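Good morning, and thank you for making time for this presentation. I would ask you to keep the sequence and the structure in view while I speak.

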Amino acid sequence: MKYRLLNGIKVSEIGMGCMGLSHGYGQIPSEEYSIEAIRKALDYGCTFFDTAEAYSPNMQGIGHNEIILGKALKGRREEAVIATKLHMSTEEVNEKGVYQTIRDHLMASMERLQVSYVDLYYLHRVNRDLSMKEIAQAMGKMIDEGLIRGWGLSQVGIDTIKEAHEITPLSAIQNIYSMVERSSEDEVIPYCMEHGIAVVPFSPVASGLLSGKVSVQTDFSHSDDVRKFVPQLSNENIDANKPLLDLIQKYADEKKATMAQIALAWMLHKYPNIVPIPGSKNQERILENLKASEVVLTKKEFDLLDKTLDSIPVQGFRGHIEFQGDTMKDWGRRK
Ligand SMILES: NC(=O)c1ccc[n+]([C@@H]2O[C@H](COP(=O)([O-])OP(=O)(O)OC[C@H]3O[C@@H](n4cnc5c(N)ncnc54)[C@H](OP(=O)(O)O)[C@@H]3O)[C@@H](O)[C@H]2O)c1
């Protein structure tokens, strides 16, 4: 495993997205299996674990995923870099103020995670009713207090990043980014590169599309399966994106790698400040994704792949649209 820096915080260059162990991809595994999966990733050399207070079955309740991660890392906390996220409503901020609201969320997360500090604390979604200046100041105060080591924003555009970074330097931006979701390449990634901010792509395997393992037969009907809303995974678009998948398969054959590994190796080669966090509910695939760190593309291979990707139109697009809203139910609302 190789390592990268999130504004001074050292992490394995591929992390583990833990969300699917609690939410988003259908039936969740047993707690025992999930804990074992996290420990196997840690044993393999993965030191970066991504969770959020919101990751619970059907997005009901709070903290299911943090509790599992806390149990899995118990006794090995110092080996791991823990990233978690909060969402705050306008109502609670009106009642308690920004700092106290964030602090209360953080304390609750720390209790579930069984830790005395969090390495990286993200605002999960921007709420336009709340002041980014006050949020950045509050995060800065919590860094000074030793409660968090760094902070970040998720699903944000360049203006929000600039506004926040000027007040309290950001460690990471977590936006959707993959071979089929490249809008962050325009401004966000270049700005982050220039300012020492890491980019932590979520859904780097495009919710499974880029693994080549999703087909029109794959069942997304479970009530807690986000794939039914992923445009690239609609029946028409799985087929329409075949030229892209064929390209990835060709590289996978040449490099004796899997398609998911090529999708991850591509972004690791492309930007030195990228740390993807693929997610899987399957222990073997978690390790497969971490092993993408060993798949090295030569400059020639990368250049051709990148150039060819540019020439293949992608069918279906989500983008890193900033969502706003008071409650998580509003997350689908566009700015
Ligand atoms: N900030 C945000 O708003 C936000 C949003 C979404 C996610 N996230 C974070 O980002 C992490 C990753 O995102 P994600 O889980 O949506 O995306 P992802 O890693 O692109 O896709 C996960 C899906 O792809 C499949 N998959 C992954 N690797 C595979 C492989 N090697 N072979 C075959 N199938 C594979 C998984 O299936 P199996 O489980 O069956 O292997 C799962 O259905 C999450 O765990 C979460 O921590 C953050």
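Predicted model: local features only at pLDDT ≥ 70, side-chain atom pairs only at ≥ 80, totals over all residues.

Let me now step back to the chain as a whole. The chain contains 12 helices and nine strands. Its radius of gyration is 19 Å, close to the 20 Å that the globule rule gives for 335 residues, so the chain is as compact as a globular protein of that length. Taken along the principal axes, the box filled by the C-alpha atoms is roughly 55 × 40 × 35 Å.

I turn next to helix packing. Two packed helices are described by the angle between their axes and the distance between the axes.

Helix H1, residues 31-44, and helix H2, residues 64-73, have axes that come within 9 Å and cross at roughly 55 degrees. H1 is therefore oblique to H2, and the crossing in which H1 passes H2 is right-handed. On the H1 side the contact is made by Glu-31, Ser-34, Ile-35, Ile-38 and Arg-39, and on the H2 side by Ile-68, Leu-69, Lys-71 and Ala-72. These contact residues comprise five nonpolar, three charged and one polar.

The second pair is H5 and H6. Helix H5 covers residues 132-144 and helix H6 residues 158-167; they pack at an angle of about 40 degrees, with their axes 8 Å apart. It follows that H5 and H6 are oblique to each other. Here too I can state the handedness: H5 passes H6 in a right-handed crossing. From H5, Met-132, Lys-133, Ala-136, Gln-137 and Gly-140 meet Thr-160, Glu-163, Ala-164 and Ile-167 of H6. The contact of H5 with H6 divides into four nonpolar, three polar and two charged residues.

The contact involves Ile-248, Gln-249, Tyr-251, Ala-252 and Lys-255 from H9, together with Met-259, Ile-262 and Ala-263 from H10. Six of these residues are nonpolar, one is polar and one is charged.

That concludes my presentation, and I welcome your discussion.

Technical notes:
Residues numbered from 1 in each chain as written. Axes fitted to C-alpha atoms, helices over the stretch in contact; angles between N-to-C directions. Helix = DSSP H or I, 4+ residues; strand = E, 2+ residues; numbered from the N terminus. Parallel < 35°, antiparallel > 145°, perpendicular 65-115°, else oblique. Left-handed = near helix turned anticlockwise from the far one by under 90°. Contact = placed C-beta atoms within 7 Å. Nonpolar A, V, L, I, M, F, W, Y, C, P; charged D, E, K, R; others polar. Rg over C-alpha atoms; globule rule 2.2 N^0.38 Å.
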